[in-house]
Amino acid sequence: MQALTNRVKEVSRKPMSLWERMYLPAVFKGMVITFSHIFKKTPTINYPEKKRPFSPVFRGLQILNRDEEGRENCTACGLCAVACPAEAITMEAAERQPGEEHLYREEKYAARYEINMLRCIFCGLCEDACPKDAIYLSETFTPADYQRKQFIYNKKDLLIPHPKEEPEAYKKALGNRAGNKTAN
Amino acid sequence: MFLTIDLALIIEKLVLIIVVVMASLVIAMYTTFAERKVAAILQDRRGPNRAGPFGILQPLADGLKLFFKEEIIPAFSSKALFVLGPGLAMLTAIMTSAVIPWGDKVHFFGRDISLQIADINIGILYIFGVVSLGVYGIMIGAWASNNKFSLIGGLRAASQIISYELAMGISLIALLMVTGTLSLKEMVEQQQHGYWNIVKQPLGFLIFIICAFAECNRTPFDLPEAENELIGGYHTEYSSMKLGFYLFSEYINMFISSAVMATLFFGGYDVPFFNEAAHADWGNWLALIGIVALMAKVIFFIFLFMWVRWTIPRFRYDQLMHLGWRILIPLALFNMLATGGAILFFNK
């Protein structure tokens with residue numbers, strides 16, 4: 001039969017010699033191999049103390065973005081909900097009332113914005129679909145919980161901290177990703 | 001009254017017994033930790049490192065966990081025997097330590113205290129007797145569980161220990177012919193003045209160490225508890241501290257057989273290239289050095305047990321019997337005859 005690759009190795013059917021049948025040399029050889037592993041580095045990372053850096057394209061938990069003055073970007077256009085292949089996003093739009101200009105950037109905003117994290121597949125299509133720079137996938141992952149209903153994240157869970165009131169938390173949540181997106 | 005009771009001797013021996021038993025329990029405890037750590041290191045893992053610095057409190061956590069687990073006694077088991085099994089395994093494991101000389105004499109309160117619980121003139125025979133009793137703990141537990149996997153495990157343990165005890169005994173006969181004594185203390189003293197017995201009996205040592213692995217039910221001879229064919233073997237039905245006793249007695253057995261091997265073949269508490277007799281004025285320090293030397297040898301052997309465990313896979317049952325009956329026993333017989341011939345030839 002023709003071999004598919006050139007890596008084929010014939011199995012030796014020769015009866016073992018006395019030296020091989022003593023097994024002890026082979027046992028010692030094996031023990032030398034295991035002993036040599038004492039000096040090898042462990043690839044394990046001590047997790048809670050040390051965290052592995054995420055890759056720059058990591059797609060984690062969504063955040064709803066604000067502009068520099070702390071106004072919400074989202075206009076509840078629904079493009080993210082349409083783009084979502086898992087149908088995880090629901091929203092309800094509302095009109096901005098006079099006196100709410102410091103809260104919402106444009107005349108329309110999302111009164112309710114929910115993502116079901118059990119349905120979300122973290123594909124990032126919502127981020128691609130958004131015309132207003134309002135939604136980003138951050139570099140954190142969804143924390144575990146005991147109840148399914150806790151995984152329906154609402155605006156309170158998703159909104160980024162206020163850039164003026166909590167500038168440090170805002171910077172941390174923003175990461176290196178949001179804002180650079182406008183380039184493409 | 002002809003018999004005067006030496007109260008000081010009784011106290012001295014009691015203290016020694018308590019110290020030795022406690023020490024072997026603590027060492028066995030930390031051997032479980034060492035096993036996990038050695039396994040991890042040999043497999044490029046980290047091993048237990050959460051409980052305390054470097055995980056050194058892990059054995060305590062394990063023990064606590066075992067105590068808090070539910071004790072289950074199966075409904076159709078023989079209850080008395082079921083409880084007796086682990087106790088017997090533990091008892092025989094600890095009893096062996098009585099005749100091992102842990103060090104030379106120490107001098108306290110104007111008395112010379114020998115660091116050996118009982119220097120009986122049939123030391124090795126005693127060890128043999130107690131070790132063979134050890135299989136009863138496993139067998140009784142396996143039988144009382146009323147579970148086919150346990151029973152198979154128990155049967156395997158019994159046949160394995162009987163088979164390997166023969167070869168072990170014959171390999172020791174050769175050693176006894178060389179040393180001319182059954183007392184472990186005298187053997188150590190001989191080795192202090194001359195060569196270690198490993199030089200005189202290399203083949204005997206090889207047979208002895210293989211049999212010791214089999215007697216301790218350690219890999220590659222851990223068929224009685226082969227977890228991937230027999231669930232847990234003889235301790236399948238056991239839970240809580242009864243299971244802990246079985247696992248613990250295995251580690252104590254390991255510790256004791258390491259000590260026996262060190263005593264028989266590697267000079268016991270003898271420090272290599274060091275003349276003890278020339279430094280007799282060091283007193284208790286000399287004995288301490290001896291204890292440290294013995295412990296170093298024991299630790300090396302325990303490491304060897306683990307090292308082999310994480311290197312070699314388990315034997316098949318027929319291979320085990322083949323090795324025991326058709327290779328080790330003839331080899332041991334040959335060793336005995338060759339030793340006898342050599343003694344005749346050189347002492348002519």
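Residues are numbered from 1 along each chain as its sequence is written, and chains are lettered from A, with ligands numbered from 1, in the order in which they are written. Because the model is predicted, local features need pLDDT of at least 70 and side-chain atom pairs count only at pLDDT 80 or more, while totals for chains, interfaces and linings use all residues.

**View 1. An open sheet of three strands in chain A has the order β2-β3-β5.**
Helices (H or I, at least four residues) and strands (E, at least two) are DSSP runs, numbered from the N terminus. Two strands pair if DSSP finds at least two bridges between them. The pairing in this sheet is antiparallel. The edge strands are β2 (89-95) and β5 (152-153) of chain A, each pairing on one side only. Seven bridges link β2(A) to β3 (residues 108-116) of chain A in the antiparallel sense. Along β3(A), Arg112(A) is the bridge partner of Glu92(A), and Lys108(A) is that of Glu95(A). On the other pairing, β3(A) and β5(A) are joined by two bridges and run antiparallel. There Ile115(A) stands opposite Tyr153(A) of β5(A). In a regular strand the side chains alternate between the two faces of the sheet.

**View 2. Glu87(A) and Phe54(B) are loop residues with positive phi.**
Most residues other than glycine have a negative phi. Glu87(A) is not a glycine, yet its phi is positive, at about 50 degrees. The residue sits in the loop between α3 (79-83) and β2 of chain A. A residue is buried if 20 or more other C-beta atoms lie within 10 Å of its own, exposed if 12 or fewer, and partly exposed in between, with C-beta atoms placed from the backbone. Glu87(A) is exposed, because 11 other C-beta atoms lie within 10 Å. Phe54(B), also not a glycine, has a positive phi of about 60 degrees. Its place is the loop between α1 (7-42) and α2 (58-68) of chain B. Phe54(B) counts as partly exposed because it has 14 C-beta neighbours inside 10 Å.

**View 3. Gly175(A) is found in the segment after α6 (167-174) of chain A.**
Gly175(A) has 19 other C-beta atoms within 10 Å, so it is partly exposed. Two residues are in contact if their C-beta atoms, placed from the backbone, lie within 7 Å. Leaving aside neighbours within four places in sequence, Gly175(A) is in contact with Ser138(A) and Glu139(A). Gly175(A) and Ile33(A) are 142 residues apart along the chain, and their C-alpha atoms are separated by 45 Å.

**View 4. Chain A is in contact with chain B.**
Eleven residues of chain A meet eleven residues of chain B. The side of chain A that touches chain B has five nonpolar, five polar and one charged residues. In this count, Ala, Val, Leu, Ile, Met, Phe, Trp, Tyr, Cys and Pro are nonpolar, Asp, Glu, Lys and Arg are charged, and the others, Gly among them, are polar.

**View 5. Helices α5 (residues 148-179) and α8 (residues 202-215) of chain B pack together.**
Two packed helices are described by the angle between their axes and the distance between the axes. Axes are lines fitted to C-alpha atoms, for helices over the stretch in contact, and angles run from 0 to 180 degrees between N-to-C directions. For α5(B) and α8(B) the angle is about 155 degrees and the axes are 9 Å apart. That makes α5(B) roughly antiparallel to α8(B). Angles under 35 degrees count as roughly parallel, over 145 as roughly antiparallel, 65 to 115 as roughly perpendicular and the rest as oblique. Residues in the contact include Tyr164(B) and Met168(B) of α5(B) and Ile207(B) and Phe208(B) of α8(B). By class, the contact has eleven nonpolar, three polar and one charged residues.

**View 6. Helices α1 and α10 (residues 240-265) of chain B pack with their axes 9 Å apart.**
The angle between α1(B) and α10(B) is about 105 degrees, which means that the two are roughly perpendicular. Ser24(B), Ile27(B), Ala28(B), Thr31(B) and Thr32(B) of α1(B) meet Phe248(B), Tyr251(B), Ile252(B), Met254(B) and Phe255(B) of α10(B). These residues divide into seven nonpolar, three polar and no charged.

**View 7. Thr31(B) lies in helix α1 of chain B.**
Thr31(B) is buried, because 25 other C-beta atoms lie within 10 Å. Not counting residues up to four places away in sequence, Thr31(B) touches Tyr251(B), Met254(B), Phe255(B) and Ile302(B). Thr31(B) and Ile302(B) are 271 residues apart in sequence and 7.9 Å apart in space, C-alpha to C-alpha.
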